[in-house]
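Subject: Structure for your review, with notes

Dear colleague,

Please find the structure below, followed by my notes on what turned up in it. I would be glad if you read the notes with the model open beside them.

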Amino acid sequence: MNRVALSAEDVPLPEWSKTLKSYTGKVLAELGKDKWDLSILLCGDKTITKLNRQYRGKDESTDILSFALDEGLLFPAAGKGNSCRRLPGDIVISLDTLRENARRFKISEDEELRRLLIHGILHLDGMDHVSNKKTEPMLSLQEEILAKLSGESIINTIHKRGYA
């Protein structure tokens, strides 16, 4: 069983938070991941710009940051004998940039959120890409998972009311 911790900084925690957790679990299951403890921070451009400057030396906002923990730390699960849990790292998503991306790419905010989440999980799983070409193996897998879970949605009609 996977666990997802969700928090927000400089934006309210959205009403669709539980749905985001559920969708994250479906992505992890699609990838065959089990016993992952994943952390997701939803924020605005102010917070992600600060993190992007601090950790990547880029003084600008971005849509998503993934902070992998050295191939994912394993730790014993309390009271579970030899069972171990995996700490792959943290995902940070700017809801401000997500909205801008959705407008620029002419897609729904929901689709952009699902794509960013899959993208972040793939980075935490050790995948990377050199360019943004769809032929990149990581980006190809990202789109494959997005298509497999196309019947799912996170935001639904709530996105029309903003973050909350």
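Helices (H or I, at least four residues) and strands (E, at least two) are taken here as DSSP runs, numbered from the N terminus. This is a predicted model, in which local features need pLDDT of at least 70 and side-chain atom pairs count only at pLDDT 80 or more, whereas totals for chains, interfaces and linings use all residues. Residues are numbered from 1 along each chain as its sequence is written, and side-chain values use heavy atoms, with hydrogens and water left out.

Overall picture

The protein holds 5 helices and 4 strands, and from the N terminus on its elements run β-α-β-α-β-β-α-α-α. Of its 164 residues, 44% count as buried, where buried means under 20% relative accessible area, exposed over 50%, and partly exposed in between, with a 1.4 Å probe and protein chains only. The accessible surface of the protein comes to about 9,000 Å², and 50% of that belongs to carbon and sulfur atoms; these areas come from the Shrake-Rupley method with a 1.4 Å probe, and for residues only the protein chains shown count as cover. Among contacts (heavy atoms within 4.5 Å) between residues at least 6 apart in sequence, 66% join residues at least 24 apart.

Strands and their pairing

Strands are said to pair if DSSP finds at least two bridges between them. On that basis β2 (37-43) pairs in the parallel sense with β1 over 7 bridges, and also in the parallel sense with β4 over 5 bridges. Strand β2 is mostly covered, with 6 of its 7 residues buried.

One point deserves a careful look: β1, α1 and β2 make a left-handed β-α-β unit. The convention used is that a crossover is right-handed if, with the strands pointing away from the viewer, the path from the first strand over the helix to the second runs clockwise.

D10, in the loop between β1 (3-9) and α1 (17-30), has a positive phi of about 60° although it is not a glycine, and D10 is partly exposed at a relative accessible area of 40%. K35, in the loop between α1 and β2, has a positive phi of about 65°, again without being a glycine, and K35 is partly exposed at 31%.

Nonpolar cores

A nonpolar core here is a set of buried Ala, Val, Leu, Ile, Met, Phe, Trp, Tyr and Cys residues joined through side-chain atoms within 4.5 Å. The largest one has 31 residues, and of these L20, I40, I91 and I121 touch the most other members. The elements that give two or more residues to this core are β1, α1, β2, β4 (84-94), α3 (95-105), α4 (109-124) and α5 (137-148), and α4 gives the most, with 7 residues. Apart from this core lies another, of 6 residues, among them C43, L51, L65 and V92.

Leaving aside neighbours within four places in sequence, I91 is in contact with a set of residues including I40, L41, I64, L65, L117, I121 and L124.

Cysteines and two further residues

The structure holds 0 disulfides, a disulfide being a pair of cysteine sulfur atoms within 2.5 Å. C43 is buried, with a relative accessible area of 0%, whereas C84 counts as partly exposed at 36%.

E60 sits in the loop between α2 (45-56) and β3 (64-76) and is partly exposed, at 44% relative accessible area. E60 and I48 are 12 residues apart in sequence and 8.2 Å apart in space, C-alpha to C-alpha, and, residues up to four places away in sequence set aside, E60 touches T49 and N52.

With best regards
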